[in-house]
There are 2 protein chains.
Amino acid sequence: MRLHSLSPDVIEGLFIEGGISICVIGLGRIGLPTAVMFANGGARVYGADINDEVVRSVNEGNSKFMDEPGLNEMLSKVSQSGKLTATTDCAGAVASSDLILICVPTPVGATRSPDYSFIDAAARVVGRSMKKGSIIVVESTVGPGTVENLVGPVLESESGMKRTVDFGLAACPERSDPGTILRNMGTVPRVVGADTEGCAELVATIYETAFGVKVIRMSDAKSANAVKLTENLFRDVNIALANEFALLYEGLNIDSIEIINACASKWNFMPHYPGGGVGGPCLPSNSYYLIAEGMKEGNIPYLIRMAREINDRMPEHVVELIGDALNDVGKTIRNSKVAVLGVTYKPNVKDVQLTPVKRVCDRLVEMGARVDVYDPMYQGEDVMGFSGRANLMEAVSDADCVLIGTAHKEFKDLDLMSISRWVKTPAALVDSRNVVDPMSVARVGMAYRGVGRPAKTGPFVPVELETSGTPVWLDAARHPD
Amino acid sequence: MRLHSLSPDVIEGLFIEGGISICVIGLGRIGLPTAVMFANGGARVYGADINDEVVRSVNEGNSKFMDEPGLNEMLSKVSQSGKLTATTDCAGAVASSDLILICVPTPVGATRSPDYSFIDAAARVVGRSMKKGSIIVVESTVGPGTVENLVGPVLESESGMKRTVDFGLAACPERSDPGTILRNMGTVPRVVGADTEGCAELVATIYETAFGVKVIRMSDAKSANAVKLTENLFRDVNIALANEFALLYEGLNIDSIEIINACASKWNFMPHYPGGGVGGPCLPSNSYYLIAEGMKEGNIPYLIRMAREINDRMPEHVVELIGDALNDVGKTIRNSKVAVLGVTYKPNVKDVQLTPVKRVCDRLVEMGARVDVYDPMYQGEDVMGFSGRANLMEAVSDADCVLIGTAHKEFKDLDLMSISRWVKTPAALVDSRNVVDPMSVARVGMAYRGVGRPAKTGPFVPVELETSGTPVWLDAARHPD
């Protein structure tokens, strides 16, 4: 079927009736929900992945390898109805489809240059197997120009076909956040750019129909990709700015959290909070896609690069805070037991991709500490080379220092009084995610450090537990000039 | 009167009845509106300034030296009612007042270090003349710690009195934007920090009563000052980020404005736009107050400093764009006439403090161009060493290049067709504020460059005026890969 000869109305009707076949290449954190949403919208979807286990699990209607709210229910539905079939036969799936979505990972290599090998491999299979009139959409996050200058030429040379004439090529980067992917897919507008306006219009119509969202038509594919990078780098740079303020304000004995919350009362301020680093599949890598494209033009984006370096250094700062807090209670990192509460890169999401907490743990072990991990997402499971404790008490027992690594909702109401009884007194608590109230920690007799919190709290004076009122040294700490 | 022995209710009543005397030191862009607002709220206000002319003008009920919506009306009212008196006798005004506000400028010196000489001078006068029980509030923007470590000690040594015991000291930085100062003062919450909680509470009560706004109580003065710097640097850094994207995307032939507008459809993105630089009394200086405090602690805020350098370089980039655009029509900057439309640092505000447009003009003159200036705020007046033209036509006539320097509302609907007839064809238009549509410029036969707009527009082909439809080369320019 030559989709681009059809009008939007006809496309919409066809889609809903299941007359459009879609191949989703890569059933990962974005690919699988995308496949499921398209199938749920009415299309006949083939999901292709190189991993047998993933394919089997999807065909059983179960996304056990991925923890995403609402996904399992929808997957089980479209799997039973036969709308979604997973396969390792990517070529076959491509050959049977009108629309081919590339949702493979785009990691960053050891030298911090983009690794487009998965994109390249996917494009080769597609080129060899696609039929005339196919439309290829790149959903993966890539540097602007990658769709035009890498994917396009590979498709042409492998297929012997000509783009815009024999097949269409578009970029429609996903804009969802892990933990809220299905909700985001159904509400956040998409951006589409293609080789021709007709192709962009067609892809836009299909996404509008499948997801019920607004689709913004961009001038071309590279502009669509630039949108995705720009919005993610806005976050990365602003988190780096919050971290820079945090480091400055620690030294000036100012509470960054108090500052940021007050700033938020101005109309043109958007709050971002400091923390122990930035992880996940997107933010730590996205800068390098844009830096690579800029460098080709002799343009170095200094601010974006500097932001990355600041965020990358935060785990080291967390280790410094742990050292300082332990020092306050007369202990060293060497020979201390550190209980790490939370290891995922994001609260309430079971994902440790590039989590900054791993760097903290590794460094602590290197320095001679014993690390015990508790994460509600990995109870009793192995994670990052540690065996996750079954509960908080097990991890915290006999700890010299407690580190809050992730702001899981379970940690919002930590029972500090119990923790202070389980630890090996005198002990310290370091909060890398500003989850607990510094005063409450001091009140249970533990030394405290937090990212962006005043560092000069004066000499640590252990207080008796359950004394009434605020210890004297805490009052002093508020105005220590 | 010892204000701090009184309860908030009594303070409020006293204030409204005019029982509280206030001295405002510095009748500039912030001091004058502040004095007027306090007088309008009920207080007896003395405005002190070293400039005779300003004092005379204020006493005549006229703010002719300052262009701020609504100010003149309110000034004339409080001046006639005798609630506000201006004077050059600062010592006398201080001696007669319960509350003393320091609203003097805090510029940055030639070496980019903060120049606190006005603050220091004001503190000396206040110290010598204030009565016991006075409360001193620093409204000027200063680095965190300046109130505690500079103003406090000067007041103590000059007065022989002791802070917190004999007088109160607070920071309440203004948070208003030129052009909307009165509106901001009546709506944007204030932040107050002081030596003691009692003093902060008292100052907060007075501001709440006078301005009818929420007042956020901060831990101390340095935290209040940190809020002001943090929110302003958030803007400076984000504008720098927009400028960094602009430079990158120009090279990649991507339209930054299209990208930013699309990004704005995501919930966690806040749009900032690129432009020809950042001016005014705040943003270009504020970074250096914080950098100076950080350096004292051995902490260099790299991101903030880098942002400043990017924004500082933008006027040079505007000159590059002018050179490129003139080159497209076969001309050089040398011997060309450049008509500069708009010179103020902000749209619709009569203020050229640190305006980046001056740097563009100076560089153009240095390179041998003839510069003609038109700014609706300075019609026929001398500005920045140029004599402002009375109207747009005078400035544009025979120009080889038109530069849009400020996004005044008058320029939103520029009559490009007329401009294209007045200029010396072939001519160019450079838009440093993304005011005009690039296509429309091309349609009237002028070469175009804009900050953050695709630079590779292909060879310039002058088109006949008033042809119908879009010239062919413009279509090509949209997909020039």
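At what angle do helix 10 and helix 13 of chain A pack, and how far apart are their axes?

Analyst: The model is a predicted one, in which local features need pLDDT of at least 70 and side-chain atom pairs count only at pLDDT 80 or more, while totals for chains, interfaces and linings use all residues. Residues are numbered from 1 along each chain as its sequence is written, and chains are lettered from A and ligands numbered from 1 in the order in which they are written.

Helix 10 (residues 221–251) and helix 13 (residues 302–328) of chain A pack at about 55°, and their axes are 8 Å apart. Helices here are DSSP runs of H or I with at least four residues and strands are E runs with at least two, both numbered from the N terminus. The axes are lines fitted to C-alpha atoms, for helices over the stretch in contact, with angles running from 0 to 180 degrees between N-to-C directions. Helix 10 of chain A and helix 13 of chain A are therefore oblique to each other, given that angles under 35 degrees count as roughly parallel, over 145 as roughly antiparallel, 65 to 115 as roughly perpendicular and the rest as oblique. The crossing of helix 10 and helix 13 of chain A is left-handed, a word used if the near helix is turned anticlockwise from the far one by less than a right angle, with right-handed meaning clockwise.

On the side of helix 10 of chain A, the residues that meet helix 13 include Leu233(A), Val237(A), Ala240(A) and Leu247(A), and on the side of helix 13 they include Leu303(A), Ala307(A), Ile310(A) and Met314(A). Two residues are in contact if their C-beta atoms, placed from the backbone, lie within 7 Å. By class, this contact of helix 10 with helix 13 of chain A has ten nonpolar, three polar and three charged residues; Ala, Val, Leu, Ile, Met, Phe, Trp, Tyr, Cys and Pro count as nonpolar, Asp, Glu, Lys and Arg as charged, and the others, Gly among them, as polar.

Chain B can be laid on chain A with an RMSD of 0.1 Å by a turn of 180° and a shift of 0.0 Å along the axis, which is the relation of a two-fold axis. The superposition is by least squares on the C-alpha atoms of residues with pLDDT of at least 70 in both copies. In chain B, the C-alpha nearest the axis belongs to Leu303(B), at 3.2 Å from it. One surface serves both copies, since 100% of the contact residues of chain B recur in chain A.

Within chain A, the division is into domain 1 (3–219), domain 2 (229–308) and domain 3 (313–478), with bounds that come from an automatic or database domain assignment. The centres of domain 1 and domain 2 of chain A, taken over C-alpha atoms, are separated by 31 Å. Between them, 13 residues of domain 1 of chain A are in contact with ten residues of domain 2 of chain A, and the domain 1 side of this contact has seven nonpolar, four polar and two charged residues.

In chain A, helix 6 (residues 117–129) and helix 7 (residues 146–159) pack at an angle of about 35° with axes 8 Å apart, and their crossing is right-handed. The contact of helix 6 with helix 7 of chain A divides into seven nonpolar, two polar and four charged residues. In chain B, the axes of helix 2 (residues 31–41) and helix 4 (residues 71–80) come within 9 Å and cross at roughly 55°, and this crossing is left-handed. Pro33(B), Val36(B), Ala39(B) and Asn40(B) of helix 2 of chain B make that contact with Leu71(B), Met74(B), Leu75(B) and Val78(B) of helix 4 of chain B, a set of seven nonpolar, one polar and no charged residues.
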